[in-house]
Amino acid sequence: TRQHGKIYESIEEKLHRFEIFKENLKHIDERNKIVSNYWLGLNEFSDLSHDEFKKMYLGLKVDHDLLNNKKQSQQDFEYRDFVDLPKSVDWRKKGAVTPVKNQGQCGSCWAFSTVAAVEGINQIKTGNLTSLSEQELIDCDTTYNNGCNGGLMDYAFQFIISNGGLHKEDDYPYLMEEGTCDEKRDESEVVTIDGYRDVPANDEQSLLKA
């Protein structure tokens with residue numbers, strides 16, 4: 001509790017969280033004994049059940065109409081003919097990934113996913129790794145997306161294009177909650193994109209090509 005600043009309202013709540021913690025620790029130990037290509041460990045989420053974690057942190061809202069309209073097969077994937085590929089690519093080692101961020105108890109994974117993609121392509125194109133603002137998407141991209149109640153990356157990409165870019169994290173910092181769209185930051189430097197592409201679902205080879 002001290003390491004992660006945990007404070008519980010009652011002894012009953014503390015005991016309840018401890019039971020969940022023990023179950024998660026048991027799961028971690030069991031998985032680490034049988035899996036060799038990754039390992040699990042304890043963190044600030046270890047006192048949450050699986051359902052609680054999903055409710056608090058997973059905010060993807062799937063728009064099936066949009067996905068059906070944009071559904072892309074391997075045949076019309078624009079990078080389908082790429083054949084000279086490495087066995088793997090780690091963009092962290094190439095300097096295209098910012099340090100790990102914490103979305104807090106806000107269902108804004110859609111904003112973090114969008115921002116990470118834009119940060120990456122901006123570094124690949126310009127050589128500059130710039131941390132961008134998830135908060136701007138949460139506050140301002142509200143036509144189809146719903147802030148801490150979830151959203152979809154495609155809508156966020158469209159917003160960035162139509163809005164003329166996304167501000168830096170330092171200029172529009174993250175609050176871990178919904179705020180009011182600050183349109184007075186227009187004079188600050190922004191990073192933008194001119195388009196985006198969806199990768200065919202459940203296709204690791206297409207993801208590697210992209």
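Helices here are DSSP runs of H or I at least four residues long, numbered from the N terminus. With that in hand, take helix H2: lysine 54 and aspartate 51 both sit in it, three residues apart, or about one turn of the helix. The two form a salt bridge, with their closest N and O atoms 4.0 Å apart. An α-helix has 3.6 residues a turn, so residues three or four places apart point the same way. Aspartate 51 counts as exposed because its relative accessibility is 55%, while lysine 54, at 38%, is partly exposed. Keep in mind as we go that this is a predicted model.

Now step back to the whole chain. You'll find seven helices and two strands in it. Walking along the sequence, the pattern reads α-α-α-α-α-α-β-β-α. Of the chain's 210 residues, 30% count as buried.

Let's start the tour at helix H1, which covers residues 11-34. Phenylalanine 18 and phenylalanine 21 are three residues apart there, so about one helical turn separates them. The structure holds five aromatic pairs. One of them is made by phenylalanine 18 and phenylalanine 21, and it is stacked, with 6.4 Å from centre to centre and 15 degrees between the planes. What about their exposure? Phenylalanine 18 is partly exposed at 43% relative accessibility, and phenylalanine 21 is also partly exposed, at 26%. Both values fall in the partly exposed class because that class runs between the 20% limit for buried and the 50% limit for exposed.

H1 also takes us to a pocket. Rolling a probe the size of a water molecule over the atoms shows where empty space is left. In this model, the second largest pocket holds about 360 Å³ of space. Which helices supply at least two residues each to its lining? H1 and helix H2 (50-57) do, and H1 gives the most, with three residues. Among the lining residues are Asn24, His27 and Ile28, along with Leu40, Phe45, His50 and Phe53. By type, the lining divides into five nonpolar residues, seven polar ones and no charged ones.

Aspartate 47 lies in the loop between H1 and H2, and lysine 6 in the segment before H1, so the pair ties together parts of the chain 41 residues apart in sequence. Are the two partners buried or exposed? Aspartate 47 is buried at 7% relative accessibility, whereas lysine 6, at 29%, is partly exposed.

Further along, have a look at tryptophan 91. Lysine 94 lies over the face of its ring, at 5.9 Å from the ring centre.

The side chains of lysine 101 and glutamate 134 meet in one, at 2.8 Å from N to O. This pair links distant parts of the chain, 33 residues apart: lysine 101 is in the loop between helix H3 (64-70) and helix H4 (109-126), and glutamate 134 is in helix H5 (residues 134-140). Glutamate 134 is buried, with a relative accessible area of 1%, while lysine 101 is partly exposed at 27%.

Next comes helix H6, residues 153-163, where Asp154, Tyr155, Ala156, Phe157, Phe159 and Ile160 are buried. Just after H6, glycine 164 takes a positive phi of about 85 degrees.

Which residue has a positive phi although it is not a glycine? Methionine 176 does, at about 65 degrees. You'll find methionine 176 in the loop between strand S1 (166-167) and strand S2 (190-191). Its relative accessibility is 40%, so methionine 176 counts as partly exposed.

Technical notes
Residues numbered from 1 in each chain as written. Predicted model: local features only at pLDDT ≥ 70, side-chain atom pairs only at ≥ 80, totals over all residues. Heavy atoms only, no water. Buried < 20%, exposed > 50% of the residue type's maximum accessible area, 1.4 Å probe, protein only. Phe/Tyr/Trp six-rings, centres within 6.5 Å; stacked < 30°, edge-to-face > 60°. Lys NZ or Arg CZ within 6 Å of the ring centre and 35° of its normal. 1 Å grid on protein atoms, 1.4 Å probe; cavity = no way out; pocket = protein on both sides within 12 Å on 5 of 7 lines; lining within 4 Å. Points joined across faces, edges and corners; volume = space filled by probe spheres on them. Nonpolar A, V, L, I, M, F, W, Y, C, P; charged D, E, K, R; others polar.
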